[in-house]
Amino acid sequence: MLNNLTDTEEGDGGAQSQGDSNPKESSPFINSSEAAAEKNQQYDGKNMALFEEEMDTSPMVSSLLSSLANYSNLPQGCKEHEEAENNEAESARKKPVKAPQLGTLMGVYMPCIQNIFGVILFLRMTWLVGIGGVIGTFIIVFMCCATTMLTAISMSAIATNGVVPAGGSYYMISRSLGPEFGGAVGICFYLGTTYAGAMYILGAIELLLIYIAPKAAIFPLEGLEGAEAEAALLNNMRVYGTILLTSMATVVFVGVKYVNKLALVFLACVILSILAVYAGVTKTGIDPPDFPVCILGNRTLVWKNFDVCAKTIETANGTITTQLWRMFCDSPFLNATCDKYFVANNVTQIQGIPGVTSGVLADNLFGTYYEKGDLIAKPLLESVEDHDDPLTNANRYVLADITSFFTLLVGIYFPSVTGIMAGSNRSGDLRDAQKSIPIGTIAAITTTSFVYMSSVILFGACIEGVVLRDKFGEGVHGNLVIGTLAWPSPWVIVIGSFFSTCGAGLQSLTGAPRLLQAIAKDGIVPALRIFGHGKANGEPTWSLLLTACICESGILIASLDSVAPILSMFFLMCYMFVNLACALQTLLRTPNWRPRFKFYHWALSFLGMSLCLTLMFLCSWHYAIVAMGIAGSIYKYIEFTGAEKEWGDGIRGLSLSAARYALMRLEEGQPHTKNWRPQLLVLVSTDAEQNVEQPRLLSLTNQLKAGKGLTIVGTALEGTYLANYEQAQRADQALRKLMETEKVKGFCQVTVSSNLRDATSHLLQASGLGGLKHNAVLVSWPRNWKQGDENQTWRNFIELVRETTIARLALLVPKNISAFPSNGERFTEGHIDVWWIVHDGGMLMLLPFLLRQHKVWRKCKMRIFTVAQLDDNSIQMKKDLTTFLYHLRIDAMVEVVEMHDSDISAYTYEKTLVMEQRSQMLKQINLTKTEREREIQSITDSSRGSIRRKNPAAVITQLSVTEEPPATSKEEKPEEESKSASPPVSPPAQVQLIHDNTTPASPATPATPLTPGEEAQSPGEQIQRTWTEKCDGEAAKPLGVTTQDDIKDIFNMKPEWENLNQSNVRRMHTALRLNEVILKKSSEAKLVLLNMPGAPRNRTGDENYMEFLEVLTDGLNRVLLVRGGGREVITIYS
């Protein structure tokens, strides 16, 4: 009978049997050339009968362990490409701002000129030329100007790609690169603008205290040397800087209109100062000014407290000493004791500004870099000095105040080319922004670049080297060095630069708070929302307060040379992302990317971006790292907590292009085993209010996602899509909310169909895209499947098992899902037990490893149990399994459980008998009234005849006599088909039938065994024969009262047991034996993972299949039933 049943079930497989089979290349441990007789021998044992139908695809572990010890992987698996889920939200439309209609000249060109020309040009440009040399400084200026020109080209392309509302550079960056980049770069731009204000204020104070009113110093510098003098100067800068900052912030708070009115005055000061310099350069070629420099030996002297550059002078009364003599000697007499270096060297007076035709340019071509405290010397003059003597009278010489090097010069100079965004910041005030911004900005950069480059050459050609390297003009009577070159008076430059720096500081304190307010109002940084508020007229009061505090931190640094590299970092980062935005939009060829400005190219943008990055690290690598860290932190903060915006940005377009490219790559071939990750399709059910009924299923999903990969959470609704659209939307929102609560990153999908079975099948087939599809299905065990009203639930479940098998998908079925831990729970100890019965591609090994990566299961230890049969060497099996786990790098305890063949117990027969009677009753539920009465009468007659039989011989005789003709089988087929068509009985009748299942029952009419001649029947006839055997032959006993004879003969029912389906008996025996062993070993385990037997190929045994699984897992708290997907998912190779 066993062979007949096996043949019948294989015949019934039909097309499904192809889904159960596994190609040879996908099963490295299966010898596909085994004879059918050898295959059938695996089923002879009673212990593993529950898994017999899939032994050809999932062989016993005991038969494979020797091969698994020398495990080899396959080039199969699934490739990971997980993308973060972005919720779409509409951004608020900005209201157009009515403002004066400005043209290109006044709206863009002049503001850019005013912002680009600044404090560095007047206070540090000559020093940069002196230290770096004409060639070195020209390279620096060219690099910085080229960077701003390339950035301006990119900015022009972005600005002309549609209307740019008021908001300028921040608006362009955020709308081109998205809220994360926009917020990060916007804040960096804000910090750069704020520190620029600090730099301008420090420059104004430096002009005030050194060149305009030195006597105003609160901490006097007279008589101080070295560190003391430097500290006194810095303290003066801090005090006066704070006073000036407070004054400027008050002016901005009282009224910005005053700042705007003074802007033209400040601009006039800048232009007048530059014209004065060019006029002075021209004059040096005709009549050089008289600015003598006094040099002792080759050391430049501080021209202070002496009037004549000589040791002695000849008069009519003889030789007399000068004030310079008294500075280096202890008395004014010729026999006084003097400084050794003063005695050994002559004093020389040279012209500080020899003129543009003097040829001094050749001496200034190359740079001279100093350590802090070095003497500023003229190399061509002779000097006699004793290197062993310490330096004395150091305050008499011009000394280097900082250590200089090329990259420092870059950091100090770059702020002088910032300000190119001034025009775009006023985009809301322009008559035609798309025309004015490109023309005005590029013209301004061209003008300023010409001025800077020509200044480098002219300064080197007109001014003596020692004067250029004298930062504060100490060798030229304390004059501003660039002022000595100006015509008609140095005071033109001093006064003009003072007002221009004050004006630039006011502009920074005006613009920075508005930029912060724009970022805060966008709502992308929750922590900044308070700064979006201001006065009734919209002035950003809170933003101004924060800006003043940050600016004060720059003023406390008190050194212009230290603050300049800081703001260089922030501006360079802003410019870098402007170039990146243009390059991305160009390369992605977004349909909306149609700039009116045509003179751009992605290569130019990438070159500009590369120059920005290079200059960042040239200026100061540690500042660069800090600035990038700040921007990165802001980016991640906005990404995780900020408001989600959809601005049509380039990063979203880049994500789409990258996703398309990755999906196309996934289609190219089979992914490797090493790339396999559980890409989960989680099937959940919802109640009438569309709330998820099994929330712990998503908790388990989160705990399994240590392997990352794809997650799709799906649910099915019954009905039509048109009628249930709102329900589907509510279900979608419920899924999203639960996924967010359980921190499951992935996608959700709701499918509506005429019935739940089809909807679930559609989810299984259609979820995913291209190669990015699920490879595993996670679904909860149907909890109340034995109840009459849940009849369709378990049928849907079994169909799902069959579909995952034919689709080669792994299946994970948690039982008692409500008992599984939430993400907040922690197991401090315990075990995760794996019962590895059949080889499933390694799923049972991989899942506990992934679970233990999560904090819930991290402290649980892993145990692996496998089953040894009578003929297996359990000791060798344990050694091979230990070796295999060692190669897999999985730490687990190993135990081999011996399950020898044993007699089938009376309890097993009784359990099977009750199960088959229940199956017959379930069948009766779906019959029509007439069919039900006819079937009950047939069952009653058969039962009465069975009671009268007393010996086995009579039973065998009746078996051969009462064989049903083929017509009987044909009549059963409509009954089977009518199950879905007939109306279900009322719930009370269903409950009664299920309840009566517990009463003792007599055996049903036995099935007729196939004769050898009938074994050659067609598959269709075999299918019908199997139906008769498993259903008709297992009729339920009529409901009645248990008699005393029934109790007396409880252990003498052998004839009734022999009439049972022997395949069901053996499977029940397997389930009971395995359950007994699992309870014995794993009753205290936190989780038990177990091979899930496949669904029967013959659909008539579906209800029995559910009973087998119920018995197999009975008494276990948390169980995860696992079916592999027919491919290897874990490998020993790197």
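## A buried aspartate and its salt bridge

Asp833 is buried, its relative accessible area being 0% (buried means under 20% relative accessible area, exposed over 50% and partly exposed in between, with a 1.4 Å probe and protein chains only). The model is a predicted one, in which local features need pLDDT of at least 70 and side-chain atom pairs count only at pLDDT 80 or more, while totals for chains, interfaces and linings use all residues. Residues are numbered from 1 along each chain as its sequence is written, and side-chain values use heavy atoms, with hydrogens and water left out.

The partner of Asp833 is Arg863, and the two side chains meet in a salt bridge of 2.7 Å, N to O (a side-chain nitrogen of Lys or Arg within 4 Å of a carboxyl oxygen of Asp or Glu). This pair links distant parts of the chain, with Arg863 in strand S12 (residues 861-868) and Asp833 in strand S11, 30 residues apart. Helices (H or I, at least four residues) and strands (E, at least two) are DSSP runs, numbered from the N terminus. Arg863 is also buried, at a relative accessible area of 19%.

## Other salt bridges

Across the whole structure, 15 salt bridges are found. Shared partners join Arg124, Glu206, Asp401, Lys471 and Asp561 into one network.

Glu825 and Arg696 form another salt bridge through their side chains, at 4.0 Å, N to O. Because Glu825 lies in the loop between strand S10 (810-815) and strand S11 (831-836) and Arg696 lies in helix H24 (residues 696-704), the pair ties together parts that are 129 residues apart in sequence. Glu825 is partly exposed at 33% relative accessibility, and Arg696 is partly exposed at 27%. Asp287 and Lys283 also meet in a salt bridge, at 3.8 Å, N to O; Asp287 is partly exposed at 44%, and Lys283 is partly exposed at 28%.

Leaving aside residues up to four places away in sequence, Phe459 touches Met125, Thr126, Val129, Val277, Leu468, Ile482 and Leu485 (contact means heavy atoms within 4.5 Å).

In helix H39 (residues 1102-1112), 11 of the 11 residues are buried, so the helix is largely enclosed by the rest of the structure.

Cys294 is buried at 0% relative accessibility, and Cys309 is buried at 11%.

In the disulfide of Cys329 and Cys338 the sulfur atoms are 1.7 Å apart. This link is right-handed as well, with 105° about the S-S bond, and both cysteines are buried. Cys144 is in no disulfide, the nearest cysteine sulfur being that of Cys619, 6.8 Å away.

Conventions. A disulfide is a pair of cysteine sulfur atoms within 2.5 Å.
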